[in-house]
Each structure stands twice: as C-alpha cells, then as structure tokens.
Amino acid sequence: MRLFHLKRTIWAVLALGVMIAFAAPQPAAAQQVPADEAALLQQLKGGPVTGRVSIPDVKSSVLIQPQGREWRETLEGPVKSFGGWLLLVTVVVLAAFLAIRGRIKIDSGPAGRTIERFNGTERFAHWLTAICFIVLGLSGLNLSFGRAVVLPIIGPEAFASLTTFGKLAHNFLSFPFVLGVLLMAILWIRHNLPNAIDITWIKQGGGLLQKGVHPPAGKFNAGQKVIFWFVVIGALTLAVSGYILMFPFYVTDIAGMQLAQLVHAVAGVVMVAIILAHIYIGSIGMEGAFDAMGSGKVDLNWAKEHHSLWVQEVRARGAGDD
Amino acid sequence: MARMKFLCDSERCIECNACVTACKNEHEVPWGINRRRVVTLNDGAKGERSISMACMHCEDAPCMAVCPVDCFYKTEEGVVLHSKDLCIGCGYCFYACPFGAPQYPQVGNFGSRGKMDKCTFCAGGPEADNTKEEYLKYGANRLAEGKLPLCAEMCSTKALLAGDGDVIAQIYKERVTRRGYGSGAWGWATAYKTGSSV
Ligand code: HEM
Ligand code: SF4
Ligand code: SF4
C-alpha cells in the first residue's frame, strides 16, 4: 500500500517532466485578428500572441506573452516568500529542538567497540553528493536571495563576480551530483523499502522526543527512509527542471521554461530545508551519528540503540564486529 | 521630462524590415541577435497584420524585477537599460519579458548564454556617453546626441513611432480619427497598462 503511494508520487514527478517537455505552443489566432491587443489577448485567454517571423529564431515569433508578468509575480511573490519562511522556520525549529532536547546521547554509554556501518563505496557516494549539494544549494539560493541579502553587503561588482562563479559551479557540479544520487539509490534502495517496522518507529516518534526510547530499526529507520526518498525524488525533479533550464528552449517553449524555473526554485528550497534537518541530526544533534559517514564505523551500543535489527542481521552473517 | 515610448501602427506596417536593418547596422549588432523584429499575424490570410517589436521600455518592467544581479536601471526618460558588466546571462529577463526583447549570444558550454543584449532606445548604457566602450557594448547613443531611435526614423511608412509617449500617442490618435479606425497600438496594454484607447 505504501509502496503504491510511492509509485504514484514517482509517476506524478515523471508526468510533470513530460508535461514540461511537451508543453505545446499556443496556436496563433486562427481566424480574424482583432484590431486591438486587449481584445486579442481576451480571445486567446491571455495566451501568447504568435505570428510568423522571417528570422530563423522560432522563439521570436511570439509577439506578446503576458504570462511573463505572471511568472515574475509568482517568483517574486509566493515562491520567494515561501522559500524564505521555510528556511527561517527550519533553522528556528532545529535550534529550539537542540535547546529543549539537547544532544541525543548514547543512553548506555559508548561500548568502545565498533561495527562497520558504511563501506568505502557508500561513503564515497554520500560525500560526492553532499559536497555537490552544498555548492549547488548555496549558489542556487544566491540566485534567489542574493540580490536582497548579499548584494547590499558586498556591492554590485563583487556580487556579479560571485554569482557568475556560482552559476558556473552550479552548471558543472550538477553532473557529479546526479551521479552521486544514482549511486546512493542503487546501493541503498533495498534497505529503504517501507515495511511494518516503520509504523512502530513512527508511532514512537523515532525515540527522538524522549530519552531512553529506542524503537527497533533495520539499516535505515523510517525517518531515514523518508529522507532517502525525498533525496531521490527531489534530485530527479531538480535534475529534470535543472537540465531544462541549462539547455534553454531545446525541448520546450517559453511556458515550459517558466514552469521549469518555478518547479526548480521550489524543489531547491524544499531540499535545502530537508537536508538542513539531516545535517543537524547527523552532526550536533546526535552523539555517535557522524562516525557512520566519517570513519564508516559506529559504536556498538549506538548501533544497538538506533539500528537494533540491523545489528542482529550483521551478527547473524558473522560480520561487522571489530 | 518626456517619457519615451515606441508605438507601431500596424495598419501602416508593410513588413519591409527597414527598422530591423537600420537597428542592426546602427549598433553593429552581432549575428543571431535581433534587437528588433517584425512579427506577422495571420500571415497570408484575411486580416493579416505586421507589427515591429523590440523592448517596449515597460512601466514597472518585469525584467528589472527578476534580474538576480539587479543590473537594470531606468533613465529619467523611462528608458530601461542594463549593465553588461554585471549581467550573468541567466536568461530570467527573457522569461519575464512580455515582448521577447532580451537576446543572448550563445557562448561556451551547454546552452549557456553570454551577456544579455537588447534594444536601448538608442540610448547606450552605463558607460560615459558616446565613448568607444559604450558603443562596443551597447551600440550608438543617439539620445545623447539629441536624436531619436533610428528604426523609427528609417520606417518607410512611418508606422513605427518613437519618442515622447504623449506626442506619439497624439499623432496616432489623429491618424485614427482621420481614417476612422484604430490598429491596436500593439503592446501598450501590456507595457504601459494604458490600453490602446489612444
Ligand atoms: C540536478 C542538477 C541541477 C541542475 C542541472 C541545475 C540547474 C540549474 C539552472 C540551470 C538554474 C538557473 C540559473 C542558472 O542559469 O544558473 C538553477 C537555479 C537554481 N537551482 Fe539548480 N540545478 C541542479 C540542482 C540543484 C540543487 C540540488 C539545488 C538545491 C540544493 C538547486 C537549487 C537551485 C536554486 C535555488 C536555483 C535558483 C532559483 C531561483 O532563481 O529562484 N539546484 N539550477
Ligand atoms: S520590453 Fe522586456 S526587456 Fe523591455 S522593459 Fe519591458 S520587460 Fe524589460
Ligand atoms: S540575463 Fe542578465 S540582465 Fe537578464 S536577468 Fe539574467 S543577469 Fe539580469
């Protein structure tokens, strides 16, 4: 059942991609052209006014596209205020969580013995993705909010140089980013399929809210599975919309470009918010968590508390212990 | 001070492309870039109509609003200009512009765009008036010489009018009265939000 929902989401994202790719240009006014712009726009229901040009640039046959103004209002209005608020609220919630719950400790104390959690390939995939993501996120957010936040501080020339550099980095790092996500997807998808244990984990709030509560979990708990699917689907959405933006007008028209930009801007900021929470719990939020991706080896007691079923599984195979 | 505008009387436009050629020549606009173009609606059919279009130097210009590096500025005469030193070629102004005015040279890798180029109302750019640097980046600065845009001056039928918005609106209004019908003042409803009631 859950799997089914997941499939539906994936289909929805793919369908969106296809829609962007095939958004057909509105036909020119078929019959009489009224002698009035307002009347024609009304006849076309605000769609673009398209004719014929004698230059080999297809885009230029669009005489007027009033949607340009709507795109601008959507981007400068709801999209940017949503993004700004989302980031602000995320940071405040995480800070409040740290203040109230504090750093989550290993309840039974460190065992002093470790167990291998992620091998070299897994850590390579993770850090490749992570480093690219940080640069993509910062350079992307600079496009959305830099004009309001950074430009007044460093001035127009420095800001233009910074943004040019950011744009180059954003373009080039998109490729290793996609590669990293693909690798993680291949390595970890079988550990991230939803199952019955996840329900108990969610019911107990993952043990995040109370000391001493540790619902059972496999290699990945329900929270991590959610992050995994957000990353896979989010990266797919960002890659489809991002490559449309990077290769402008190759596969779509002006309406498609505008849609791709909006989808990209929203998906980008949502991903940044989710990954902020992920970084929090993987570093300052929880004792012992960073080692999993740092050295790849975690403390045995940490593993027993947070991934009990996985520890049993590894031990059954007779591996893992140092 | 005058508020500069363009007005194309599509009843008169014969799609001769003199405005397009004049613009390309005056500013030595590179290949593949068209600051001005003529679009024909209903080509070859009843009610065919040609309109010469370039940057309309909008009221509350959408391009200015979306530019991530804020490189646009508006002159006292309402002309929308930009700095090619600051532009990063992101293409956002093209998505926002109702008239497809911004143009980009194709440079470098992927589909990446060079510095945006568009109609300047023959008013150059941020560099000092009528310097070589200004000419190389933005073309001629005729306004600084007390002249109006060359496209409209070259127009064989005087369909394309450029100048003080009130004056050209008055000329157009007189034409409409004399011939008994209007031809739309294309773009005015979208650019200046005044409609084509002139
Ligand atoms: C997957 C590959 C990706 C590709 C191909 C891609 C491509 C692009 C392109 C072409 C732009 C338009 C601006 C420009 O020309 O530089 C852009 C903007 C942006 N990207 Fe990406 N990107 C990708 C991944 C990401 C990721 C992972 C994030 C977030 C962490 C992100 C966040 C943004 C943001 C916030 C913007 C600015 C939107 C705005 O202007 O409001 N992108 N991206
Ligand atoms: S016509 Fe386009 S480029 Fe010119 S001012 Fe209006 S939005 Fe900007
Ligand atoms: S292409 Fe240049 S002028 Fe246009 S929005 Fe981007 S940075 Fe600004």
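I started with A:H264, which counts as buried at 18% relative accessibility. Buried means under 20% relative accessible area, exposed over 50%, and partly exposed in between (1.4 Å probe, protein chains only).

I noted the ground rules next. This is a predicted model, where local features need pLDDT of at least 70, side-chain atom pairs count only at pLDDT 80 or more, and totals for chains, interfaces and linings use all residues. Residues are numbered from 1 along each chain as its sequence is written, chains are lettered from A and ligands numbered from 1 in the order in which they are written, and side-chain values use heavy atoms, with hydrogens and water left out.

**Iron site**

I looked up the protein donors of the iron atom of ligand 1. They are A:H170 (NE2) and A:H264 (NE2), lying 2.0 Å from the iron. Donors are N, O and S atoms within 2.8 Å of the metal (3.2 Å for Na, K and Ca); water is not among the atoms, so sites may look incomplete. A:H170 lies in helix α6 (residues 156–188) of chain A and A:H264 in helix α9 (residues 254–282) of chain A, so the pair ties together parts 94 residues apart in sequence. Helices here are DSSP runs (H or I, at least four residues), as are strands (E, at least two), numbered from the N terminus.

I then checked the geometry. The iron site of ligand 1 is octahedral, with angles of 84 to 179° among its six donor atoms. Six donors count as octahedral if opposite donors are over 155 degrees apart and all others between 65 and 115.

**Helix α6 again**

I found A:F172 in helix α6 of chain A too. A:F172 counts as partly exposed, at 41% relative accessibility. A:F172 and A:L136 are 9.5 Å apart in space, C-alpha to C-alpha, and 36 residues apart in sequence.

**Ligands 2 and 3**

I listed the residues around ligand 2. Of 13, B:C55, B:M56, B:C58, B:C63 and B:C97 come nearest. Near means that a heavy atom of the residue lies within 4 Å. Around ligand 3 there are also 13 residues, and B:C67, B:C87, B:C90, B:G91 and B:C93 come nearest.

**Positive phi**

I looked at two residues of chain B. B:H57 has a positive phi of about 55° although it is not a glycine. B:H57 lies in the loop between β3 (49–53) and α2 (62–66) of chain B, and is buried, with a relative accessible area of 0%. B:N130 is not a glycine either, and has a positive phi of about 55°. B:N130 sits in the loop between α3 (92–96) and α4 (132–138) of chain B. At 40% relative accessibility, B:N130 counts as partly exposed.

Definitions and conventions
Four donors count as tetrahedral if all angles lie between 85 and 135 degrees; four count as square planar and six as octahedral if opposite donors are over 155 degrees apart and all others between 65 and 115; anything else is irregular.
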